Amino acid sequence: MNSSHLKEAGETYFQHLSRAFILSLNLFIMSIVCLVHSLLPFIFTNYVSDKIREINSYLDQLKK
């Protein structure tokens, strides 16, 4: 366990909790959309890949 993670991230416990919760909620929604897309491939054709790019960009900005 990395006990200095919050310090390295430059966040308080509640800031980190909020960011992590929102990210997990987004990933959960994306997994449901992906499941629906697997059954009905003509809908949500770009949603998940676009969101992955968006999240990746957001996480890259946090590192800076």
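Me: What makes a set of points a pocket here?
Reply: A pocket is an open set of grid points with protein on both sides within 12 Å along at least five of seven lines. The model is predicted. Its largest pocket holds about 280 Å³ of space.

Me: What makes a residue part of the lining of the largest pocket?
Reply: A lining residue has an atom within 4 Å of a point. His5, Glu8, Glu11, His16, Arg19 and Lys63 are among those lining the largest pocket. Helix 1 (5-9), helix 2 (13-39) and helix 3 (47-63) each give two or more residues to this lining.

Me: Why is Glu11 called buried?
Reply: Buried means under 20% relative accessible area. Glu11 has 15% relative accessibility, so Glu11 counts as buried. Glu11 lies in the loop between helix 1 and helix 2.

Me: How do you know that Glu11 and Arg19 make a polar contact?
Reply: The cut-off for a pair of N or O atoms is 3.5 Å. The side chains of Glu11 and Arg19 come to 2.3 Å, and the pair counts as a polar contact. Glu11 also touches Leu6 and His16.

Me: Which classes make up the lining of the second largest pocket?
Reply: Tyr and Leu count as nonpolar, Lys and Glu as charged. Tyr58 and Leu62 line the second largest pocket, and so do Lys51 and Glu54. By class, this lining has 7 nonpolar, 2 polar and 3 charged residues. The volume of the second largest pocket is about 230 Å³. Helix 2 and helix 3 each supply at least two residues of its lining.

Notes: Residues are numbered from 1 along each chain as its sequence is written. This is a predicted model: local features need pLDDT of at least 70, side-chain atom pairs count only at pLDDT 80 or more; totals for chains, interfaces and linings use all residues. Side-chain values use heavy atoms; hydrogens and water are left out. On a 1 Å grid over the protein atoms alone, a cavity is a set of points where a 1.4 Å probe fits but cannot get out, and a pocket is an open set with protein on both sides within 12 Å along at least five of seven lines; lining residues have an atom within 4 Å of a point. Grid points are joined across faces, edges and corners, and a volume is the space filled by probe spheres set on the points. Helices (H or I, at least four residues) and strands (E, at least two) are DSSP runs, numbered from the N terminus. Buried means under 20% relative accessible area, exposed over 50%, partly exposed in between (1.4 Å probe, protein chains only). A polar contact is a pair of N or O atoms within 3.5 Å; within protein, one must be able to donate a hydrogen and the other to accept it, and residues adjacent in sequence count only if both atoms are side-chain atoms. Contact means heavy atoms within 4.5 Å. Lists of a residue's contacts leave out its neighbours within four places in sequence.
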